[in-house]
Amino acid sequence: MKIETLNIDLECFSDVDLKKCGVYKYAESPNFEILLFGVSVNGGEVIVYDLASGEAVPEEIIEALSDDSVAKWAYNATFERICLSTWLRREHPQYFSSYSIEEDTVWKYLDPASWHCSLIWGAYLGLPLSLEGIGTALNLDEQKMSEGKALIRYFCVPCKPTGANGNRTRNLPQHDPEKWAVFKSYNKQDVETEMAIQKRLSRLPVPDFLWDEYHLDQEINDRGIQVDMTLVEQAIAIDARSKEELSAKMKELTSLENPNSVQQMKGWLAAHGMAAESLGKKAVAELLKTAPPELAKVLELRQQLAKSSVKKYQAMQNAVCEDGRARGMFQFYGANRSGRWAGRLIQLQNLPQNHMAHLEDARSLVRSGDYDTLSIMYDSVPNVLSELIRTAFVPKWGYKFIVADFSSIEARVLSFLAGEQWRLDVFENNGDIYCASASAMFKVPVEKHGRNSHLRQKGKIAELALGYGGSVGALKAMGALEMGLQEEELQPLVDAWRSSNPNIVQFWWDVDAAVRTVVTQRIDTETHGIRFMYRSGLLMIELPSGRRLCYVKPRMGINRFGSESITYFGVGTTKKWERIESYGPKFVENIVQAISRDILMNAMKTLRHCFICGHVHDELIIECDMRVSVDAICEQMARTPSWIPGLKLRADGYETMFYKKD
């Protein structure tokens, strides 16, 4: 029988924490092994091969794992592909083949090109990212077994040695044959659930181009990014010493037994005439505005102690593989309302920015472990460590980074779709959108370092907060009051921005009307080059790229203000599958962010011959030969995709020997 498809689910053991360290490091542990290999060949009956008890996987299935003509399916397929890569290299090296060239760093892993992931399929259709969640959302008969988590804890991770278990550090099948039998049933049912998901979703296939995007994403995750472990380890050691000294100073100034205790610190402040409801970062910053010098000193020390930058360094330490590279940091389709990536492990998407001058000098001091000079040269050691986090990512020996990002990508896409011509003219002439926005709002010339420059900040915060229907609350959330704006200025700022951007405001409500038409009448409609349709219980929004955004079981409902609104099922802020309210401006936000994501993806495809090793929002990190030109990379990145003719793009970049915000 010719094998055409495999549906696979594995249960594995490793002494490495999967959640903290990721699957790449998990699978490369010397103690990693596959326990159960559940598989269906060509959609047939699921068979579980009990490797832990000595059973063998048939040779034709092993051979099919590296055969690119065989389609492999799994839920969260990265796990199965990486685990099987290690297993094949160790147990059946004659059947392992990778997809790398000599200079690349993906050689340990099976080519993702023949792998497909049910999680991605569900995410594309707006469904939850967990197997349990998608099974519930689809009301499947074949559900993930609830006993699974307990069985995984029992067999798949080390156990604590006790007198009762004979001081063993691991539970094997013979230690509880009944549980092991249930575990095999669990493995079998997971494959059946995954196949049931595919059957249920078969009427709504993922377009081929999206699978190509997924495969490129997997290649970038496989490649990883080099981490300067000397810097990381010294930063952790310096942080420990800094915290020790800061705590000692705090004890000396306050006489508190534990100055880190929120309750003790609140009591101490109250005894010194300062009431504090909270000691969070924002609350302490507010208290510092009026604190007398002796209290200000204590609050400043507390702010330094509260710096959590060391957690990022620890995350690097956890995730880094034996070759010094961190892998698996990007979750494809992690944000299923836009299709953008979500960060994993080290979370590159929310690294602190660097603003300090002479970054390289500070980096050298930390890397050499020179705590004394560091503490003399800088007011706050924790702040220095925070600003150096990005610089822990470095190119491999003999290479450099080129970091390139799109200029004002969301503002450009929003302006283009809405036809807001004055804004398009600004971008065409490489103008400053914040100055131009302030000028349009206040009807005076605004220059960044010239006339009416004080208004640029108002233009900036309006641009960042108001493009998707935001009002006074959005300005406050963006920090308008902390930036010095007065409460009474906020509503006029909203009004001024909207009156100077009438086509964007109209775009919000045209989209709102289009969605309402589809939801209430079930007819296709179009506005501003975007198609809206209803298919198989889904509201679909087709983007210029051909990709679709999906909203499950849309209907009209009543929102919390008592007005009619559009609702759909999704994973809300509570992380639960629930009805979510939306309206025109919010759908516009999804559309603009999704198109911006597609433009970044287009650039990644254009530059896939380069070693892309990371991406953050609208930025690419490329590890390249010293001879590669920044201008050439930016020129290729800024090419307008064929599917959105007329949109003016711009990419800016720089080269560096460590990652930073230029």
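**Strands, cores and a cavity**

Author: Happy to! Let's start with strand E10 (residues 399-406), which is joined by 7 bridges to strand E18 (residues 619-625), the two running antiparallel. Strands pair here if DSSP finds at least two bridges between them. Helices (H or I, at least four residues) and strands (E, at least two) are DSSP runs, numbered from the N terminus.

Reader: Before we go on, what kind of model is this?

Author: It is a predicted model, where local features need pLDDT of at least 70 and side-chain atom pairs count only at pLDDT 80 or more, while totals for chains, interfaces and linings use all residues. Residues are numbered from 1 along each chain as its sequence is written, and side-chain values use heavy atoms, with hydrogens and water left out.

Reader: Thanks! Which residue stands opposite Lys400 in E18?

Author: That is Cys624. E10 also pairs with strand E19 (residues 651-656), through 6 bridges and again antiparallel. There, Val403 has Tyr654 as its bridge partner.

Reader: And is E10 mostly covered or uncovered?

Author: Mostly covered, with 7 of its 8 residues buried. Buried means under 20% relative accessible area, exposed means over 50%, and partly exposed is in between (1.4 Å probe, protein chains only).

Reader: What about E2, how many of its residues are buried?

Author: In strand E2 (residues 33-41), 8 of the 9 residues are buried. Strand E1 (residues 5-13) is joined to E2 by 8 bridges, and they run antiparallel. E2 also has 5 bridges to strand E3 (residues 46-50), antiparallel as well.

Reader: Which residues does Phe37 stand opposite?

Author: Leu10 stands opposite Phe37 on the E1 side, and Tyr49 in E3 is opposite Phe37 too.

Reader: How many residues lie between E2 and E3?

Author: There are 4 between them, and the two strands form a hairpin. Asn42, in the turn, has a positive phi of about 55 degrees.

Reader: Where else is there a positive phi in a residue other than glycine?

Author: Lys443 has one, near 60 degrees. Lys443 sits in the loop between helix H19 (433-442) and helix H20 (456-466), and counts as exposed at 64% relative accessibility. Gln347, which is not a glycine either, has a positive phi of about 60 degrees. Gln347 belongs to the loop between strand E9 (340-343) and helix H14 (359-367), and is partly exposed, with a relative accessible area of 27%.

Reader: Changing topic: which residues touch the most other members of the largest nonpolar core?

Author: Leu6, Phe37, Leu84, Trp87, Phe393 and Ile591 do, in a core of 184 residues. Helix H24 (residues 584-606) gives the most to this core, with 11 residues. Apart from it lies another core of 18 residues, among them Leu246, Met250, Val298 and Leu301. A nonpolar core is a set of buried Ala, Val, Leu, Ile, Met, Phe, Trp, Tyr and Cys residues joined through side-chain atoms within 4.5 Å.

Reader: What does Phe393 touch?

Author: Leaving out residues up to four places away in sequence, its contacts (heavy atoms within 4.5 Å) include Ile225, Met316, Phe401 and Tyr659.

Reader: Back to H24: is Asn590 buried or exposed?

Author: Asn590, which lies in helix H24, counts as buried because its relative accessibility is 7%. Beyond residues up to four places away in sequence, Asn590 touches Arg337, Ser338, Leu549 and Tyr551.

Reader: Nice. How many cavities of 30 Å³ or more are there?

Author: The structure holds 1. A cavity is a set of points on a 1 Å grid over the protein atoms alone where a 1.4 Å probe fits but cannot get out, and lining residues have an atom within 4 Å of a point.

Reader: What lines the largest cavity?

Author: The lining is Gly126, Asn336, Arg337, Cys550, Tyr568, Phe569 and Gly570. Strand E15 (residues 564-571) gives the most to that lining, with 3 residues.

Reader: One last stop: why does Glu219 count as buried?

Author: Glu219 counts as buried because its relative accessibility is 15%. Glu219 is in helix H8 (residues 208-223), and leaving aside neighbours within four places in sequence, Glu219 is in contact with Tyr99, Val106, Pro112 and Arg608.

Conventions. 1 Å grid on protein atoms, 1.4 Å probe; cavity = no way out; pocket = protein on both sides within 12 Å on 5 of 7 lines; lining within 4 Å. Points joined across faces, edges and corners; volume = space filled by probe spheres on them.
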